[in-house]
Amino acid sequence: QVQLVESGGGLVQAGGSLRLSCAASGRTFGNYAMGWFRQAPGKERLFVAGISRTGGRTAYADSVKGRFAISRDNAKNTVYLQMNSLKPEDTAVYYCAADRIPNSNIVTASEYDYDYWGQGTQVTVSS
């Protein structure tokens with residue numbers, strides 16, 4: 001069992017930056033690929049970024065490439081999402097998720113592959 005707690009959301013003006021953190025409980029954080037998803041009001045939850053167990057591979061949605069960066073610190077059981085050049089369309093609840101996967105070099109963008117989810121943190125970008 002893994003418990004995930006997101007933090008770092010808030011209100012920011014367009015063009016600004018935020019850094020989200022997701023702290024995981026347990027001593028097996030390194031066994032999980034990690035992902036960030038987001039859900040805007042009235043819309044489906046979408047993949048934003050993912051990182052493999054060791055951090056050696058990352059993946060991004062086209063809408064955030066070049067603006068967002070995912071990273072992880074396995075010693076601190078934490079995954080981060082650095083968000084730069086924010087746009088109003090980035091407004092959403094952001095969720096982190098953990099995918100227990102034996103392969104250390106795989107990242108998946110499908111929410112159905114993720115086993116554990118955080119409660120989410122609200123990000124609001126004003127124009």
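I worked from a predicted model.

**Entry 1: the disulfide**

I searched for disulfides and got one. Cys 22 pairs with Cys 96, and their sulfur atoms sit 1.9 Å apart. I then checked where the partners lie. Cys 22 is in strand 3, Cys 96 is in strand 9, and 74 residues separate them. The pair therefore links distant parts of the chain, through a covalent bond. Buried or exposed? Cys 22 is buried, at 0% relative accessible area. Cys 96 is buried too, also at 0%.

**Entry 2: Arg 45 and Glu 111**

Next I looked for salt bridges across the whole structure and found four. One of them joins Arg 45 to Glu 111, with the closest N and O atoms 3.1 Å apart. Arg 45 lies in strand 5, while Glu 111 is in the loop between strand 9 and strand 10, so this pair ties together parts 66 residues apart in sequence. I noted Arg 45 as partly exposed, at 24%. Glu 111 is partly exposed as well, at 23%.

**Entry 3: Asp 62 and Lys 65**

Asp 62 forms a salt bridge with Lys 65, at 3.2 Å between the closest N and O atoms. I looked up Asp 62 and found it exposed, at 65%.

**Entry 4: Asp 90 and Arg 67**

Asp 90 bridges to Arg 67, with the closest N and O atoms 2.7 Å apart. Both sit in loops: Asp 90 between strand 8 and strand 9, Arg 67 between strand 6 and strand 7. They are 23 residues apart. Asp 90 is buried at 0%. Arg 67 has 11% relative accessibility, and under 20% counts as buried. Which residues share this network? I found Arg 38, Arg 67 and Asp 90 joined by salt bridges with shared partners.

Note on methods
Residues are numbered from 1 along each chain as its sequence is written. This is a predicted model: local features need pLDDT of at least 70, side-chain atom pairs count only at pLDDT 80 or more; totals for chains, interfaces and linings use all residues. Side-chain values use heavy atoms; hydrogens and water are left out. A disulfide is a pair of cysteine sulfur atoms within 2.5 Å. Helices (H or I, at least four residues) and strands (E, at least two) are DSSP runs, numbered from the N terminus. Buried means under 20% relative accessible area, exposed over 50%, partly exposed in between (1.4 Å probe, protein chains only). A salt bridge is a side-chain nitrogen of Lys or Arg within 4 Å of a carboxyl oxygen of Asp or Glu.
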